[in-house]
Structure formats: C-alpha cells, structure tokens
Amino acid sequence: EEEGKTRRDQVVTLQDHVIEQMPEYIKQGLFQNINERVWPISRNIPIREVEDRLFDLIQPFVRNGQIELIPENLHEQSECLIKGNFDILVGADGSNSFVRRYCNIQMISEGLEYACGVAYNIPNNIPSSEEPLHQALNCILTASQTRYLVNSSTSRRGYLNIRLIQDEYKELQNRLEIFQSHNEPLDLLDFNKCPQSPIWTIIRQGLQFFKISPKYVFRVIPIEINVRHASIVVRELRHEIDKNEKQTPNEYDEKKYKTTLAFLVGDAAMCVHFWPGRGMNSGMKGAIALARNILRSCTINNSINIRRPLRFLNFLDYEGFMARLRAREQQGRSLRVLIDPIDKSVEASYSYA
Ligand SMILES: Cc1cc2nc3c(=O)[nH]c(=O)nc-3n(C[C@H](O)[C@H](O)[C@H](O)COP(=O)(O)OP(=O)(O)OC[C@H]3O[C@@H](n4cnc5c(N)ncnc54)[C@H](O)[C@@H]3O)c2cc1C
C-alpha cells in the first residue's frame, strides 16, 4: 500500500506526440480535471490522476460486459495461470514484474544510478512569503543544473527529485530506517532528528533552491535507478491440459499442451532513467503498439477472430517496435545521462565546501 502511495504521488510529463496517439475519448477524459502545460510540448499530471481517469473511462465497457475487472494479485497459484484459460497475458506490473519472472525472461542492465524523491504538498491558504514559485521558474531552475528536478502539479503538489552519489544514497537509507524503526514521521524542521549531515543538507538546499518550505514535505524516498530492459517482450507459454477440463476435444485430443502468449509492457519491459522523463510515455507507446498488433492479429473485418494458438510470429511487429523504442529511449536518452555521472562534481563540491 505504501509503495502504491509513493508511486501514485509522482507527477509525470506526458508528451503531446504520445497523447496524440490516443483515441479521442481517452484524450478528452484523461485531462478533464488537470490540464496543465508546464513544458512547451507536454502536460504535467500525477500518476494517481492518470490511473483514476483511465479507470473511470473504462467503466462503460465494464457495464456492457466487454471488460471484466478482477481485483487480485497475480501469483504462481492463480487459477487462470494454472489452467491457462486465457489467450493473452499482458505483464504491465512494473519494474519488479511477476509476469516477467513467471515467464523466465532475463533483464539486461545498462547501469545503476541513485536518487531520492522529496514529496511535498503546499496548501492553498498560506502566507504569501510561502507561496511556491511559478511553474515557468521551476522549469528554468530544473534545466539550469543536473542535481535537482521538480515535477509538480500547479507548483503545489509533487516531487523534488535529487540525483545522489552512492554514499549519499546509503546515508539516506540508514537515516530513513531509523525513522521507520521508531515509527516516527519525518520532520525536516527538527534538526535533532535531521541534523546538518550531507543528505539532509542536500535536501534542504534543494528545497531552498525551489523555494519550497520544509514544513510541507511529507515523505522522502530513496530511488534506485536501474536502467535495464527485458531480453524479449513476447513469450509463448505452454500449459499442460487437464484432460477432464478439455472443452474442444478435436483441438486437444492429440496434444497434452495448450499454447498462450505473454507480453511485457511499461516498466516491466524497460526501465529508463527518470531524468529525461520518458518512462510513462514509453509505457504508453508500447501499450498502444501492442493493442494495434493484437487488433491486427485477432480481428478480421472488425470482428474478433482469434486463430488459436496465437504464435510468437504473429507479434514480431510488437517485438520490433519495442527494440526500436529501446534504442531510442535507452541509447538515445538514458545512457547519455548514465555516461555523465554527477560523482566528480559532487566530490569537488564537498572539497570546495
Ligand atoms: C522519480 C521519477 C520521476 C519520473 N518522471 C517521469 C516523467 O516525468 N515522465 C514519464 O513519462 N515517466 C516518469 N517516470 C517513470 C514512470 O513513473 C514509470 O515509467 C511508470 O509509472 C511505469 O508505469 P507501469 O504501469 O509500467 O508500472 P507501475 O507504475 O509500477 O505499475 C505497476 C502496477 O502493477 C501492479 N502489480 C504489480 N505486481 C502485480 C501482481 N503480481 N498482480 C497484479 N498487479 C500487480 C502494481 O500494484 C501497480 O499498480 C518517473 C519515475 C520516477 C521514479
């Protein structure tokens, strides 16, 4: 639950060219509550809002029976996995994907970096001296250096993200463990519990840089950025058929197995560096590409026509799309950040201080 709150509070920038690919119905509904342009060609929106709006938007299809929602954690013993009573399994279950492990798909790591996220929520009725900066200033300050990044909704709710070197990250982990073991809330104004150590100083300096009062900070989380990708994103699965449950004897008489297909999408398929802000954008692009491939493979003249068993070869387009997306986002963006680490500048700044 805690992991969910942390994840959903994060504000992301959704690129216009990704939004353009969505159906009109989704485009209209997604931004009906929060439609905020901060950077020139994207919109800022909390993950919570993206998920809640998409959930609302599928309700008509739930009501007419086209979609059935099953609120459960998928695991090895889930009935549908044991019986294989599905055609397609889509693993959109994040960077620690269960589906990926279930399919025995290996991850290839390009490198590690460290960061922390400082969550804040600035209420509306506060003294003018505590009013946050205009979003335009947040953009200029974010683009002017490579240590701090603010992603917020209306400047009031969001995260100050800070790149850390490994020692700073370890210090943060140790200090947060003490708060957790005492079950105490974090209070950056309490210098006894958050003294002038490297990590608390870096956080306070970042807040000061963006003129965010420490009293509005409610959570600090360590973030390990493992830039990595799945070796494949389409896998054929074979399920042993329980003879008593055979429903179509002709198809299975000679065989003991049924073949289904599993796909990886989003962070389950690829984790990029958050600095260029493309993780959710890539996830959405992958989801759209997969949906189009499913549509091509499973319909004829607008009617559903699933040629069982579905084969890996029917989804080469998706595998190819994800390879190109990976080249663009990892080689083209994330690795450029990774090959230019902050370590030397941080060490120099410590000796200067
Ligand atoms: C600091 C930071 C800043 C970022 N900024 C940006 C940005 O500006 N722009 C951008 O595009 N991206 C950004 N990202 C990346 C973006 O947040 C992620 O790429 C995106 O949220 C991944 O979405 P996802 O749905 O693939 O995975 P997740 O968001 O991790 O969702 C996975 C879901 O699967 C569920 N789940 C997990 N296991 C199971 C199971 N066994 N059974 C059932 N359900 C399960 C989880 O509960 C969760 O709901 C940022 C990330 C970070 C850390």
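A charge sits over a ring if NZ of Lys or CZ of Arg is within 6 Å of the ring centre and within 35 degrees of the ring normal. The charged end of Arg204 meets this rule over the ring of Phe191, 3.8 Å from its centre. Arg43 likewise lies over the face of Phe31, at 4.4 Å from the ring centre.

The model is predicted: local features need pLDDT of at least 70, side-chain atom pairs count only at pLDDT 80 or more, and totals for chains, interfaces and linings use all residues. Residues are numbered from 1 along each chain as its sequence is written, and side-chain values use heavy atoms, with hydrogens and water left out.

Rings of Phe, Tyr and Trp (its six-membered ring) pair if their centres lie within 6.5 Å; planes under 30 degrees apart count as stacked, over 60 as edge-to-face and the rest as tilted. By this rule there are 9 aromatic pairs, including the two below.

| Pair | Centre distance | Plane angle | Class |
|---|---|---|---|
| Tyr114 and Tyr169 | 4.6 Å | 40° | tilted |
| Tyr148 and Phe209 | 6.3 Å | 40° | tilted |

Helices (H or I, at least four residues) and strands (E, at least two) are DSSP runs, numbered from the N terminus. Tyr114 belongs to strand 4 and Tyr169 to helix 9 (residues 166-181), so their pair ties together parts 55 residues apart in sequence. Both Tyr114 and Tyr169 are buried (under 20% relative accessible area; exposed is over 50%, partly exposed in between, with a 1.4 Å probe and protein chains only).

Tyr148 is in strand 5 and Phe209 in helix 10, so this pair links parts that are 61 residues apart in sequence. Tyr148 is buried, at 10% relative accessible area, whereas Phe209 is partly exposed, at 33%.
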